[in-house]
Amino acid sequence: TPAFHRSYRLRMSELGENLGSFVGIREISKSADNPNWADIRTAQQFPARFQYLINYIQKRSESNIKLLKPGDKAPGFALVDENDSLVTLKQFKGQVVYLSFWFTTCGPCIQEIPFENKLAAQFEDRPFKIISICTGTPGAAEDQQVIKWKAASKRYDLKTINLYSNPSWTKTLRQNYIVSAYPHYVLID
């Protein structure tokens with residue numbers, strides 16, 4: 001990224017080639033643990049003598065990639081809707097399901113809601129469902145999570161199947177559906 005390249009050049013001028021390269025490689029190695037971040041484009045910025053470290057980080061990053069592939073079975077879930085009814089993924093077997101992971105204070109997630117509502121209306125009479133899964137409100141007290149989810153759902157007039165994921169389910173869903181950024185979408189057929 002441009003910001004990384006600027007900070008790398010600054011480090012090199014302030015710390016020198018060896019220490020600056022070490023700090024830069026350390027930063028890249030932290031990013032390599034994110035399973036969705038495998039392409040280390042900045043590797044060519046480092047001196048050739050550090051290539052063995054870049055190769056190691058790339059291999060570690062590649063081994064962390066966990067993507068659902070065509071033909072994989074979609075991981076199941078059982079979450080609550082606005083009426084405190086339990087909804088499972090199995091209920092939608094035989095339909096195309098579009099999962100939309102969001103949280104109540106996510107600006108980009110909120111910007112997508114009108115488009116999801118439009119899609120839900122467009123496919124209303126077809127075997128296609130959009131399921132919005134709210135993973136909470138960061139920083140809110142535990143007893144306020146469901147209240148804030150219901151308030152946000154009403155405020156943004158969600159027309160999709162609207163589900164709430166408690167902290168335990170959120171951890172499982174993040175792992176199973178590789179949710180590392182929001183909004184996050186998964187299409188299941």
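I take helices (H or I, at least four residues) and strands (E, at least two) as DSSP runs, numbered from the N terminus. By that rule Ser153 sits in helix 5.

**Set-up.** I am working on a predicted model, where local features need pLDDT of at least 70, side-chain atom pairs count only at pLDDT 80 or more, and totals for chains, interfaces and linings use all residues. Residues are numbered from 1 along each chain as its sequence is written, and side-chain values use heavy atoms, with hydrogens and water left out.

**Overall layout.** I looked up the secondary structure: six helices and six strands. From the N terminus the order reads α-α-α-β-β-β-α-β-α-β-α-β. Next I checked burial (buried is under 20% relative accessible area, exposed over 50%, partly exposed in between; 1.4 Å probe, protein chains only). Of the protein's 189 residues, 39% count as buried. For the surface I used accessible areas from the Shrake-Rupley method with a 1.4 Å probe. The protein exposes about 11500 Å², and carbon and sulfur atoms supply 54% of that. Then I turned to contacts (heavy atoms within 4.5 Å). Among contacts with a separation of 6 or more, 73% join residues 24 or more positions apart.

**Ser153.** Is Ser153 buried or exposed? Ser153 is buried, at 6% relative accessible area. Leaving out residues up to four places away in sequence, Ser153 touches Trp102, Leu158 and Asn162.

**Largest core.** I define a nonpolar core as a set of buried Ala, Val, Leu, Ile, Met, Phe, Trp, Tyr and Cys residues joined through side-chain atoms within 4.5 Å. The largest one has 27 residues; Phe77, Leu99, Phe101, Trp102, Ile131, Ile133 and Tyr177 touch the most other members. Strand 3, helix 4, strand 4 (128–134), helix 5, strand 5 and strand 6 each give two or more residues to this core. Which element gives the largest share? Strand 3 does, with four residues. I then listed the neighbours of Phe101, not counting residues up to four places away in sequence; they include Cys109, Ile133, Leu173, Tyr177, Tyr182 and Val186. Another core, of five residues, lies apart from the largest one; Tyr98, Ala120, Phe123 and Phe128 are among its members.

**Aromatic pairs.** I count rings of Phe, Tyr and Trp (its six-membered ring) as paired if their centres lie within 6.5 Å; planes under 30 degrees apart are stacked, over 60 edge-to-face, the rest tilted. The structure holds five such pairs. Phe103 and Tyr182 are edge-to-face, 5.0 Å centre to centre with 85° between the planes. Phe103 lies in the loop between strand 3 (96–102) and helix 4 (107–122), and Tyr182 in the loop between helix 6 and strand 6 (184–188), so this pair ties together parts 79 residues apart in sequence. Both Phe103 and Tyr182 are buried. Trp149 and Tyr164 have ring centres 5.3 Å apart and planes at 35°, so I log this pair as tilted. Trp149 is in helix 5 (residues 145–155) and Tyr164 in strand 5 (residues 161–164), 15 residues apart. Both Trp149 and Tyr164 are buried.

**Helix 6.** What caps the N-terminal end of helix 6 (residues 167–176)? Asn166 does: a side-chain oxygen lies 3.1 Å from the backbone nitrogen of Ser168. Just after helix 6, Ile178 takes a positive phi of about 50°.

**Charges.** I searched for salt bridges (a side-chain nitrogen of Lys or Arg within 4 Å of a carboxyl oxygen of Asp or Glu). The count comes to one. Lys159 and Asp157 form it, 2.9 Å from N to O. Asp157 is partly exposed, at 41% relative accessibility.

Definitions and conventions
Polar contact = N/O pair within 3.5 Å; in protein donor to acceptor, adjacent residues only side chain to side chain.
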